[in-house]
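Visitor: I'm new to this structure and would like a close look at one part of it. Could you pick a helix, walk me through it, and then show me how some other helices compare as subjects?

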Amino acid sequence: MKSTDYTLQSSYTLQRCNECHTLTGIAINLTDHTACCPNCNAVLQAAHRWSLKRCTIIAVSILILLPFALLFPLMSIDLLGVKIHASVWEGVWKMATAGFPYTAFMILLCSVIMPFAFVLLVITLGIQKWFDHRPYYSLRLLGKIKQWVMLDVYLVALAVAAFKVREYASLEFDIYLLPFVLTTLLTTLLFIKIDTKQLWKTFYPEYSEYTEISLNHASNLALCHECGYTFEPSIAKEKGKEPTHCPRCTSKLNISDNIKLQRVWATLIAGTIMMFPANILPISSTEFAGTTSADSLISGVLLFLEMGSYTVAAIVFIASIAVPVSKIAVILYLLLAIHYQWKHNIHWQMKLLHYVHFVGRWSMLDLFVLALMMSLVERGQIINFSVGDAAFYFGAAVFLTMIASTNLDAKMLWKIHQNRIK
């Protein structure tokens, strides 16, 4: 319900939409229902989310499983009677010691550091709730690292790597693949069920949404995009906080659109530049029976097609070529739409923005496959596998475009649409 459509009562709270900035009233007694923005259909209040206690229990379970999932062998091959095992940690370690430390760090960050950080943050929040401690930094960090936890992408990379090595040697999956799959499923479930916005309300109940305010003043309510708090600007002074910062999470409110656009342009241009060597240089090389073959991104797809693995070829093509290129093209289009005030269909533009937010992380699949291959195919064996120079540039392009899409504010697109209909 829009604030302009009814007289606010004490049974409603006011919430601004994080995308289009529409002010909406949400019934307090409907906490088990999903509330969506009437203008853009973005979710304002999610239903069926778990309590912090349940999320903490799941996080503890993931923490117990993580060492088995990341340190122990997931699959192995038999080369001339010698068993060679592949694990997440082994792939990162061999890539780092082979002379590719920066590429190895990117993989380590997304497959080891961030999964541990995510579950530790949830457990920390549970402990802080137990001791009535204010988790200011924990809540802010929790909302930022979720997109960098890529165990689900790594699981798909396992399947791709299995297809890639099966022509060289017999492949077996180890028992520790089960805890890895369970860890991935539980982490994904925790992503879905934990609600950062609700946690802010739980830990900071004094910063509640307004329930009784005149319609004349309702339009002045501000929104913090960091914690989702809708508030009257004067409350910052009442709480002893800076008026330019959120009174609840203290993040800066009035970052100009020009600064946001500069950040997007800078990271997008850098990511685009990185894509050229990523596609031109070889991303891997394989020496087998005295013959060395260097593969670029596109030649790797063609190799799967020659092997008859059309599904795997499609997955690799989409994740390694189609997604990065389309993501750059979409972000560039949205930036130009903002710069030149193009009055295109706003709902179509929002779908494009949601697309780049969702698919960007899946481009890391190719680097995860490389790490698994480094773990499986050791130097000095009958097969010699090595990472190419393109791997670093590709990983850098993925990271930069992810940062670019994060800084692209949907509100700037909605301003153009709202000015058009006035």
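Guide: Let's start with the buried residues of helix α14: they are Leu365, Asp366, Leu367, Phe368, Val369, Leu370, Ala371, Leu372, Met373, Met374, Ser375 and Leu376. Keep in mind that this is a predicted model. That list covers 12 of the 12 residues of α14, and since buried means under 20% relative accessible area, the helix is largely enclosed by the rest of the structure. As for its length, α14 runs over residues 365-376 and reaches 17 Å from its first C-alpha to its last, close to the 16 Å expected at 1.5 Å a residue.

Follow α12 along and you'll find a bend of about 40° at Ile318. Just after the helix, look for Gln341, which takes a positive phi of about 55°.

Next, a pair of helices. The axes of α4 (residues 136-145) and α7 (residues 196-203) come within 10 Å and cross at roughly 170°. Angles over 145 degrees count as roughly antiparallel, so that is how α4 and α7 lie to each other. On the α4 side, the contact is made by Tyr136, Leu139, Arg140 and Leu142, and α7 brings Thr196, Leu199, Trp200 and Phe203. Sorted by class, that contact has six nonpolar residues, one polar and one charged.

Notes
Residues numbered from 1 in each chain as written. Predicted model: local features only at pLDDT ≥ 70, side-chain atom pairs only at ≥ 80, totals over all residues. Heavy atoms only, no water. Bend = angle between axes of the 7 residues up to and from the residue. Helix = DSSP H or I, 4+ residues; strand = E, 2+ residues; numbered from the N terminus. Axes fitted to C-alpha atoms, helices over the stretch in contact; angles between N-to-C directions. Parallel < 35°, antiparallel > 145°, perpendicular 65-115°, else oblique. Contact = heavy atoms within 4.5 Å. Nonpolar A, V, L, I, M, F, W, Y, C, P; charged D, E, K, R; others polar. Expected span 1.5 Å × (residues − 1). Buried < 20%, exposed > 50% of the residue type's maximum accessible area, 1.4 Å probe, protein only.
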